[in-house]
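This report describes one protein chain, starting with its overall layout and ending with single residues. Please keep the sequence and the model in view while reading.

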Amino acid sequence: MSKILGSAVIRHDGSQFHSKLGATLDPGGFVGQAHTGPGRVWGISRRWEPGKLTFAIAAHQDVSLLALRNMTDATITFKGDNGMSFLLTECSAGDAISLNEESGEINCDFVFVECEEI
């Protein structure tokens, strides 16, 4: 029987994030856009979209919110429990690094230069 992804271990430069379930990895790449007219598609154009990794970590006392926000040029690995593994290079904090008091989570958003399946 095939193994379906159930969880992933996320590490940065060798250290494991205190990540929670629900991470999303978008590897980026070309996306298509249809150009339409009256009742038809005239053509398709393509543009490059950067990759993004979004996840939440437990707001543990040893986690520095500012260190996460200032993270640049990091290497992140995403290793799924089903054998799917990805290496993300030149990672930097993206739009959202925020602390949520109610959930006890830090929401993280990282962008990267390259996503490689390992």
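**Basis of the values**

This is a predicted model, in which local features need pLDDT of at least 70, side-chain atom pairs count only at pLDDT 80 or more, and totals for chains, interfaces and linings use all residues. Residues are numbered from 1 along each chain as its sequence is written, and side-chain values use heavy atoms, with hydrogens and water left out.

**Overall layout**

The protein chain has one helix and 10 strands. Helices (H or I, at least four residues) and strands (E, at least two) are DSSP runs, numbered from the N terminus. Along the sequence the pattern is β-β-β-β-β-β-α-β-β-β-β. The protein chain is more spread out than a compact globule, because its radius of gyration is 17 Å, well over the 13 Å that the globule rule gives for 118 residues. That radius is taken over C-alpha atoms, and the globule rule is 2.2 Å times the number of residues to the power 0.38. Taken along the principal axes, the C-alpha atoms fill a box of roughly 60 × 40 × 30 Å.

Of the 118 residues, 24% count as buried. Buried means under 20% relative accessible area, exposed over 50%, and partly exposed in between (1.4 Å probe, protein chains only). The accessible surface of the protein chain is about 7800 Å², and carbon and sulfur atoms hold 51% of it. These areas come from the Shrake-Rupley method with a 1.4 Å probe; for residues, only the protein chains shown count as cover. Among contacts with a separation of 6 or more, 58% join residues 24 or more positions apart. A contact means heavy atoms within 4.5 Å.

**The nonpolar core**

The largest nonpolar core has 19 residues, and the members that touch the most others are F17, L53, F55, L68, I76, C108 and F110. Such a core is a set of buried Ala, Val, Leu, Ile, Met, Phe, Trp, Tyr and Cys residues joined through side-chain atoms within 4.5 Å. At least two residues of this core come from each of β6 (51–58), β7 (74–80), β8 (85–100) and β9 (105–112). The largest share, five residues, belongs to β8.

Beyond its neighbours within four places in sequence, F55 is in contact with I10, F17, S19, A23, I106, N107, C108 and F110. L53 lies in β6 and is buried at 0% relative accessibility. With residues up to four places away in sequence left out, L53 touches I10, T24, L25, I76, F78, L88, C108, D109, F110 and F112.

**Pairing around β9**

β9 is mostly covered, with six of its eight residues buried. Strands pair if DSSP finds at least two bridges between them. β6 and β9 run antiparallel and are joined by eight bridges; here L53 stands opposite F110. β8 and β9 are also antiparallel, over six bridges, and S92 stands opposite V111 of β9. The hairpin of β8 and β9 has four residues between the strands, and in it G104 takes a positive phi near 70 degrees.

**Three further buried residues**

| Residue | Location | Relative accessibility |
|---|---|---|
| E105 | strand β9 | 19% |
| N82 | loop between β7 and β8 | 19% |
| F112 | strand β9 | 8% |

The side chain of E105 makes a polar contact of 3.2 Å with that of K20. A polar contact is a pair of N or O atoms within 3.5 Å; within protein, one must be able to donate a hydrogen and the other to accept it, and residues adjacent in sequence count only if both atoms are side-chain atoms. Leaving aside neighbours within four places in sequence, E105 contacts K20, A56, I57, A59, S98, L99 and N100.

In N82, a polar atom of the side chain lies 3.1 Å from the backbone nitrogen of M84. Not counting residues up to four places away in sequence, N82 touches K3, I4 and L5.

For F112, the C-alpha atom is separated by 4.2 Å from that of C91, 21 residues apart along the chain. Residues touched by F112, not counting those up to four places away in sequence, include L25, P27, L53, L88 and C91.
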